[in-house]
Amino acid sequence: MSVFSSSELAEWTGGRWTATPVAPLAGFTMDSRQLRAGEVFVAIRTAQRDGHDFLAAAQAAGASAAIVATPQPALALPQLVVADPLTALQVIARTHRRAFTGPVVGISGSAGKTSTKNLLALLLGGEAGGVLATAGNLNNHLGVPLTLTRLDPAVHKCAVVEAGISAPGEMAPLAAMIEPDVAINTLVAAAHTAELGGLEGVAREKAILPAAVREAGVAIFPRSSAEFPAFRDLGVRRMIIERAEVIRPESPPSDRIYFTVTHRDDTTAVAVAYGLPPPLVFTLRRVSDGMAQNAVLAICAALWLGVPHARIQSRLSGWQPAALRGEIRREGNRLLYLDCYNANPASMADALSAFQAIAPAGQPRLYVLGCMEELGPDSATHHHMLGRSLGLRPGDRLFVIGDQANAVCAGVLENGDFTRQLQIVSTLEPVAASLAGWTGAVFVKGSRKYRLETILENQLAAAAPARSAPPNPGGGGPRGGRGGVRGARGGGGGGGGRRTPPMLSYLADYEHYFGPLRLLRYLSVRAVLGAGTALCIGFIISPWLIARFRALKFGQHYDDDRTGDLAHRFDKKNTPTMGGLIIFLSVFISTALCATPNVWVIVSLFVYTALTAAGWRDDYLKVVHRNRDGIKSAEKIAWQSFATLVALGVLLWHPVSAAKIRELWVPFFKTAVIAHMPWWMLLVLIYLWIVGFSNAINLTDGLDGLAVGCTISVALVFGIMAYAAGNIRIADYLLISYVPGVGELTVVCAALIGACMSFLWYNSHPAEVFMGDTGSLALGGLIGVMAFMIHQPVTLIIVGGVFVMEALSVIIQVGNFKYTRLRYGVGRRFFLMAPIHHHFQKLGWPESKVVLRFWVLSLGFALAGLATLKIR
């Protein structure tokens, strides 16, 4: 059993310990009733129960620690406090899996996952041979991390992990955790189509796992899956298996494996054209065509992983299907086909075909059908076709249970009057009574919902397997189906879950009085609240501050020698400046209310505060002391250097940020260009970005509304990028760096948008207030440091194209003037006036036209920056 260190868990999750655990941390559990001494209890909150209510029970059961969102200081149990325990467990599982050097196989599909998983685990050597396989049905967003955290390099040589989903978006986090070396898809068929949006939707979701195969790995799936567009564009090596009537002696194509199936009374033989001729032949117990195909998938995976042909055949000889999963059982003269764990149109047709092929022709047949679930608007049609396909004969009986029982019976009756042989039931007692005296063949199949195995309990109790209940957060009773909450809605602040900020948590904790308060736990809701709060604060304080600035005569001053013949356009003398304070107060207060104060938020607010102070001093010297130059260049550099050094020191010291901040990502590349920058290189780059964009926005702030309007576009794009970088699903899909917790910067960006919008109300032409250096220096520094924290520094050059354009115009103007003066003795200007927005004014454009067109440019640059997320 793997043992985890407390420091590792804190580093991986970004959490903090209430007390350092003393006992070894050996495994994880979500059910206090099944907890074994030494395990870590994960307090998952679901709609049914809150795992935090069972912390005392977990401590009493011998838990070594707990992962919680809300600590309970009264307990002596060490608690790792994180924003979302489920997301934390998934991050732990993913990181732990990446440290495992053996092959990991991921299996998904619309049917046959568990049988294929069990068979492949056996072919690879089984538990005794060091194979870790998913236990029972622990195949969802709760079960997969529990499986992966069981990986022990000292015990396990490989792993076979099952991934089951029922709704859009559920496969991505599973694939991100599993990162398979080999991915198997058993089938794409009508299952969960109501949620997934038809067969194409099923295929898109199922294709996510094979698309996540590692570079040297392979995705194995049948030809029927390969016909869907999602499986044709995986971008990984593929091995497609295809059934043939005859295998010719020629070598098959490199990406295709042909096979044949031959059924006999009690055996099934498959010939597989794997590698050079002749084909390899394997014999196993009698199975359906569908299971024979799944056996070929497992055999190909085992061959790929280096298991010899003879060893595979030896292990196949001892294999039998799992009980009640396509199990063929003989009791004297009675044959039973039992499948109580899955039912969709494809698996039902395959099972019926196999049963009708082996059932004695002269014996009556008893059919027990549970309806197929989650088929959407086509459910009645599928059930009607099922009834027609049964081919009921005189002497046969049919019992149907479920919502679509009438549709099944209607299909049966199209083939004749079998009314007396049909019975729709609401409970299984009459079925069990008929089965007890039945002497012919028996077919039992239906969705898990109907627990059809209970009809066998009186006769076959000893043979029925114990089911492995799905992970059950807290200590309540087991639940059918997948249970629990669905996939994590964000990683590191990328979504909802338990990302609750301290101030709003006081309200969210009263959700039992007013349910909608629980929405305060969702990042998207808090981002909207942050923007709205900042907007309101700005509108409330702006009139008062503008009046105070006017009373104190904190007005803008222009010198004719600086504005030249544009002096008449600057009818703005004595317009209050230092308006950047309005933006600062709005952003700071709303962020404090709506964002979780993690390392990313704290560093961004520190840089923003420090540079706001520097800008305020600069403006104060200009408007109060009439010092046209403001603070000296050396002092400004000192302020900016101080902010950069402190920010970098914190980022390199904090375990979460230290693990990520040294990566350098560039648009259009799928991985980091530099995985671990030297600290001095990072220092230089962050300093250049903070100083560069501080000065760029300062230069842009020359016309009413110009700088603040362009800042809104940049903040909107960076808010989207922060959300994506902090969400493990979206980050993996977009091939960008996943940064735990950085999603909280979405709230900062949203607050910045709201603050800028309220400021723009008063800064639009003719301006009633200017932001001054108080605003421009600080906004540039804030955007510059956030660009590094979300790993988009180069993208900022694109998104902030207007700011870059303004800065470059000044550099070109000054450089050209100095060059021409040195060469010709007279300095010449490249532009009529710089920054470039004044150049267009000199051409005769009205100020409002310049501003509006630059806003359009800013929007275009923003869209271009967003496009880089998909072009990888």
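**Helix exercises**

Helix 29 (residues 745–763) has 19 residues and reaches 26 Å from its first C-alpha to its last, close to the 27 Å expected at 1.5 Å a residue. This is a predicted model, in which local features need pLDDT of at least 70, side-chain atom pairs count only at pLDDT 80 or more, and totals for chains, interfaces and linings use all residues. Residues are numbered from 1 along each chain as its sequence is written, and side-chain values use heavy atoms, with hydrogens and water left out.

**Exercise 1.** Work out how far helix 29 is enclosed by the rest of the structure.

*Solution.* Start with the term: helices are DSSP runs (H or I, at least four residues), strands likewise (E, at least two), numbered from the N terminus. The expected span is 1.5 Å times one less than the number of residues. Next, take burial (under 20% relative accessible area; exposed is over 50%, partly exposed in between; 1.4 Å probe, protein chains only).

**Exercise 2.** Find the peptide bond into Pro766 and say whether it is cis or trans.

*Solution.* First locate Pro766, in the loop between helix 29 and helix 30. Then read omega from His765 to Pro766: near -5°, which is cis. Pro277 and Pro278 are also joined by a cis bond, with omega about 0°.

**Exercise 3.** Describe the phi and accessibility of Phe668.

*Solution.* Phe668 sits in the loop between helix 25 (655–658) and helix 26 (679–700). Its phi is near 80°, a positive value in a residue other than glycine. Finally, Phe668 has a relative accessible area of 48%, so it is partly exposed.
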